Amino acid sequence: MTWRSPLALVRDALRGQRARRSDLRSLESNLPYEGLGKARQPNRHFPGNAIKTTKYTPLFFIPMNLFEQLHRWANVYFVGLAFLNFVPVVNAFQPAVALIPICIIMSLTALKDAWEDFRRYQSDRKLNNMPCFIYGRKEKQFVERRWKDVRVGDFVKVVCNETIPADLLLLHTSDPDCVCHIETANLDGETNLKQRRAVPHVCISDPELDPESFGSVVVCEKPNNNLNHFKCYVEKPNKERVGAGIESLLLRGCTVRNTDHAVGFVVYAGHETKSMLNNNGARYKRSKLERKLNTDVIFCVILLVAMCLVGAVGHYLWLLSLPAAPPYLIPQGGPESPSLTSFYMFFTMIILLQILIPISLYISIELVKIGQVFFITNDIDLYDEETDNRMQCKALNITEDLGQIEYIFSDKTGTLTENKMVFRRCSIGGNEYPHQENAIRLAVFDEEESEEEVIFNQRTPPPPAGWSLDAEETSSGYAQHQRCSKRQGSGAAFSSPLETEVIPDRKLLQQISGAPSGGGPYLDFFLALAICNTVMVSMATTQRQRVRRLSQACPTKSPLDSLSNLLKGAGSIKNVFTSCRHKPKRRTHPDNAVIEEVQFSPHANTEEIGNTKGVRARSPRRGPPTANLDNLCYEAESPDEAALVYAAKAYGFVLLARTPDRVTVRLPSGEDLAFEVLDTLAFDYSRKRMSVLVRHPITKERVLYTKGADYAIMELLGTPYAEHLSGNQKAIATDTQHHLNSYAKDGLRTLCIAKKVVSDSVYASWSANRQRALAAIDDRDKLIMDTAMQLETNLTLLGATGIEDRLQDSVPDTVVALREAGIQVWVLTGDKPETAVNIGYACRLLEEEDLVINMSCRNKVTCTSILDCTLEEVRRYSSDPRNVDTTQAISLVIDGHTLTTALSPDLQDRFVDLARRCRSVLCCRVTPLEKSRVVKVVKEKLGVTTLAVGDGANDVNMIQAADVGIGISGQEGMQAVMASDFAISRFKHLKKLLLVHGHWCYTRLANTIIYFFYKNVAYVNLLFWYQFYCGFSGTAMIDYWLMIFFNLFFTSTPPIMFGIMDKDLSAEMLLGVPELYKTGQGEGVYNFTTFWVSVLDAFYQSLVCFFVPYLTYQDSDIDIFTFGTPLNTVSLFTILLHLSIEIKSWTLVHWLIMVGSVALYFIVTLIYSATCVTCNPPSNPYWIFQSQMADPMFYLVCIITTVIALLPRYVFHVLKNSITSSALMQAKHLDRLDPSSRDQWIKEWRSLRGGGQVGRPRLPTPPSPTLETPVDVYPPSPTTSDVMGDDFTLNVFSKKRPSHT
Amino acid sequence: MMASSYNAKEEDGHHSGAATHGVVGAAKSKKPDNTAFKQQRLPAWQPILTAGTVLPAFFVIGLIFIPIGIGLYVTSNNIKEFEIDYTGADINSPCYNCAQNLSWNSTSQCHCSLNFTLTQPFESTVFMYYGLSNFYQNHRRYVKSRDDSQLNGDVSSLMDPNKECEPYRKNDGLPIAPCGAIANSLFNDTLTLYYIDSNGTKNPVSMVKKGIAWWTDKHVKFRNPGANDNLTVAFQGTTKPINWRNPVYELDPSDPDNNGFINEDLIVWMRTAALPTFRKLYRIIQKKSGTTPTLSSGNYLLNITYNYPVLSFAGHKRMILSTISWMGGKNPFLGIAYMTVGSICFFLGVVLLIIHHKYDTRNTSADIPN
């Protein structure tokens, strides 16, 4: 590097600063500057790709770690006291020894930190040294380098299945269409392939890209952590600007799939990449218990100060009472007044009594929580066989909150339901096609599935997993094959034949065959289904790996076996490639209708039918081989889309290929139509719809196909579909709406399909707008959305679909159990009220006899009056004496719009008051933001502990807002899981997680904390009482080393074990009687009373432990430390036996630790007293313990003191257990019975209580599809009138729900 | 695998075990082990404290404690103890003059004597104690004011005592041996006992001055410096504590083996008392052979060389004669405590029995509440 003036350096640094600071960055290629000095590199201000996630450097580890640790005020307190001890006038112990406890605690923490940091360092080094290809000007080709060598402005080539080293702007791919697929599973857990396209017109896609000719400047925004958003434009040498977004960005950490190689320009490197920016550490949540704990620590501080004041004042009075200078009072250097000495004495007392604030409390709580998390993650009942997922605890420090939940906010789709979408019914042009055969098939499939599960369960048990806390789903390592397991883990949406198979409706098939080939609503409808989506078609090549893996997993015996094995594998392991699956085992229902239509039936069905009949019927007309079609794999971002594509496929409209520019669809007639995609208006939550604009290959019309939520589409309907139908248009809309309502009542998800023909002129003007919007940097999203809205008007309704989303296993049971546990369950869904209410009934959130209040209004005034009316009514209702003993409860169904109004600041209180009185609340059509607002409002207004559970990105807000966020690792990627504190795989796991683990964790931790306070107060007070007999001079009568050991070793493990392993009730009992959960709610076990009772008990016990030995040894020749020995021993026994009274169940571990602690005390003390002659100067421990142990009085004192100290607590427990009868106590008694009779008792108990939930037959879920569900049994829907008028409706109706079967 | 998620996890503080874990994970199911420990199903004993279950314990405690208490009480009562205060705070006391005129630096010795009568003979070995009250030997600074290595015979510590000994560490530039406030305030009264027989002659009671300290103290913790027998040489270069009359190697002129740091009176004094009112063993009056009592009943004369001032802290000095038993000196407290607690437990047992009959039927039959 050449010499440069300091001024230039400063200027350069400033410019660099500016380059980093400014909103936009201009990046140039590095190639022209290759080989030049660093100072002349254009991109030198941007960080390199080497990452460093370590917190410390080896040289500065100690100071940095110390600094880090001193952020904890508890550490500051103890360090401060330790140093206070070095001040000669106030010291209570030898200064050096006083440092020991805090040093031990802090060095343990430092060790842990160092180890973690070392692991981070190792992983960093591994990542930084991964190979990648960078273009070198000298070599004129891509040369292999390390990840850390990548710089901003480099050209990097990534090949298939390789991880991307930095954020790359895609310039070129091996694909002729210039697209590239990436898998972002490592980033967000979503397994579907995402398509990225090269920045258009920047690099002419000749076979090889020449980076040296790249003369453009890339202008991009500052690095941010938004994974789904990126703004940049490329300014070519000729000043032409080409916009590019996230669709051209290859993210660091993702894997390239399906593409041979791709070349990109590095825009962000290292720590500025989106994935690294997303990598912010663990969130710290503070549990309710911990907040309470901190207030009690403050109480302890107050207590400590009070005791020290007593000491100081006592010392002052004692000094005053002395007539002259006694020989035992050592003269200090200068003049001394009693008041000054007493002032010093105050600090000496603080040092002496410091452990009143439990030093080990925080670290012990951490250990306890780690242990609890270990047991939760290792619970086999929370393990999901299908996805091979354990329960994951992301937040380590809020386990106890699980035992205090009062409100649960649940998402519906994917949480209560499977989120496995099955096409059920559709309505086209006002005609309904019920698809009854399909319904029958689904009913049959249920049985099949259960069989499969049995078979799967018989597989040989897997080798035992190691003892590890990390039940993290995200797997690690860079091995290629690992991706397969990953795929298994995050089960994708379209696994079983259930979802991929659709048996076409007979009538509809006839209609299609009869329809004119050029148009008609049927053709458009199915074309829309096939085209209007973002489903990717994977080629068979990408599947090879997985297929091979599977065949290994299921060794074939006979062809038939292999088929069924394959099917089982697909069904159970849940792989992505289900549509590459071959065929269902059998068809139990010979389906005549389909057989008749065999000539017209699409390829996908032929084989199955052929199989059923034992005939291989093949249509000769078919062009490409069937195998090709069978190998089609649809990968969709949402399961709905896939379901619709499969439905279209069943009717012969097969989506063959999708590229950004072209969609190829095969028609039932066999011809392939290639639609040119002009634009895709992607789905978003505010529009609730998506559209695809295509050019029809035959008619050359520009057609916009839109699908979306019914209310989102219905508002946009405009011109009639075709001239001859003009009269019918309104009729179609009303008919379809009618059908939609009936679908919703059946709990189906509804979607409307619409189309619009866009004229050339409209398109031209719109297209210009669109381009501008796309190239915009500011407000790009808003502009893009606006342009989408511009086009999506005057739609023509084609039809509607009903997709079934099946309830997950045991959801009703779980909901009922949670409600019995005193938890209010709210469901927040984006669905229509009808769908929501239906699901509500199906999962027993609403009961048949419930009073359902339906709230829906348009403006604030009406909303206010509704709220007031309803509140009044509800109050009257609940105060009505006639309703006291009825089981009828109130449920509230509220619409998203109304909810927004009700949550406005002035109405909040009323709404919350109303909701509080309702047993369950259903909020429909709520946006993610509203979800989180509901949670926040309830949390703040009612001051309750809330839990939110959800599975999708739209639940993230809610999950983060709640005290406990639970993510369900389901079909919709990992965003919810990433944001959550705990991740489960099924909703039903919530039952055991809350009722059993929540209860256990809470009671354990609460009791442990109470015990810790007790322990410290009891022990420290011994020292305090002694001050009354040593002139308040701050003498400790217990050897200081033994005091340290007492807290650190002799009495530390039992409470930790108690906190991890104590079990007040068995899991079966807690599950059988959910009411027991109520003990933890609200104030719970750890409250003001229990805390102070235990502190008072500690005072009493310390009084006994001090004064019984005192009275025994007074006026004898006993010396200080001989006197301290029985005190120490007695308090050890008292403290441990006190714990024994509290321990509810004694396992081998308990015995070992308890006995071990006592043994350790005796062994350590004996050895210490035998070896230490002059080692610990003032205390002279030599042979003291031995001489005490040879004295029978020692034992007599120990026994009587322990008995007197523990007698009150023991008697209190006995009396409480004998005289009062709490539910917990009775459950404990029941728990001691043998399992069978216990179950018997539980049943009888519950039936007596009137809960009666156990014996009751479960409602069939999902509603049996075999019968046509009556449409009119549901009372007139409030929303129907809602659509018509602006006025509000308030229905308070009590209804008997019609039985499904 | 990618950087961010990996590191995110590292941040969380739990490790996936990098690549190895991934490789194993592909083959292994994540299913937790179905072991009793991991599933929290270890066989457990779940005691429930109810009247019925703990009843026997109370009766057993009662039945054991009451006899122990009686035994302790009787033993304590059998111990003979005699105590006499010779402080001289009272104007009528023979030691009044000594007490009033005494100070630490007075050179002349003051003598006084007290008469007392033992009404009962002391049969077994009698221990003679001196008792001090209101003397806070347990004061924090006082307790620390010593140098254990010096007392252990360490030569370097002898010449350079621990700083804790200040201000009794050096005098006139010479190190004090033994240093510190404890040694400085050594109890230096001399007590001698005479039996006055019927014809008025004073018979000195023979007392042993060895064996009053702990064996371990005398032989392990306290040692004289230097190997040679000549203590004067060993302690050369040191000075006596300020309040002492004689240097440490001349503490016991009668017995050369009882001098220096291993002087038993010093050792006893150095074991600082736990409470402000304490006694320390002074002499032992060995039991005579045969049936003659160690101290027969009758008149005694206690001769005191009054050197130790206690009025400065309103203290008192006592002379105590006591026999001891296996439980030490006379102290009825423990016996009473055992008897009381035993009775309370017995009483509670009865109460619980009543409760058990009244309430406990419900629990034993695991009755359904409603």
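How many bridges join strand β31 (residues 946–950) of chain A to β32(A), and do these strands run parallel or antiparallel? Four bridges join them, and the two strands run parallel. The model is predicted: local features need pLDDT of at least 70, side-chain atom pairs count only at pLDDT 80 or more, and totals for chains, interfaces and linings use all residues. Residues are numbered from 1 along each chain as its sequence is written, and side-chain values use heavy atoms, with hydrogens and water left out.

- Helices (H or I, at least four residues) and strands (E, at least two) are DSSP runs, numbered from the N terminus.
- Five of the five residues of β32(A) (residues 964–968) are buried, meaning under 20% relative accessible area with a 1.4 Å probe, protein chains only.
- Val964(A), Ile966(A) and Ile968(A) point one way from β32(A), whereas Gly965(A) and Gly967(A) point the other way.
- Ala948(A) stands opposite Gly965(A).
- Strand β33 (residues 982–984) of chain A is joined to β32(A) by three bridges in parallel, with Phe982(A) as the bridge partner of Ile966(A).
- A right-handed β-α-β unit is made by β31(A), helix α32 (residues 956–961) of chain A and β32(A); right-handed means that, with the strands pointing away from the viewer, the path from the first strand over the helix to the second runs clockwise.

**The nine-strand sheet of chain A**

- An open sheet has the order β17-β16-β26-β25-β24-β23-β22-β21-β20 (chain A), with antiparallel pairing; two strands pair if DSSP finds at least two bridges between them.
- Because β17 (431–433) and β20 (654–658) of chain A each have a single partner strand, one side of each is left without a neighbour in the sheet.
- The twist averages 30 degrees from one strand to the next, with axes fitted to C-alpha atoms and angles running from 0 to 180 degrees between N-to-C directions.
- Four bridges join β20(A) to β21 (residues 662–666) of chain A, where Val663(A) is the bridge partner of Arg658(A).
- Helix α15 (residues 520–531) of chain A packs on this sheet, and its direction makes about 50 degrees with that of β26(A).

**Chain B**

- Chain B holds twelve helices and ten strands, and buried residues make up 52% of its 370 residues.
- Its domain assignment, automatic or from a database, gives domain 1 (59–79 + 330–357) and domain 2 (85–323).
- The centres of domain 1 and domain 2 of chain B, taken over C-alpha atoms, are separated by 40 Å.

Terms used: Chains lettered and ligands numbered in written order. Buried < 20%, exposed > 50% of the residue type's maximum accessible area, 1.4 Å probe, protein only. Contact = heavy atoms within 4.5 Å.
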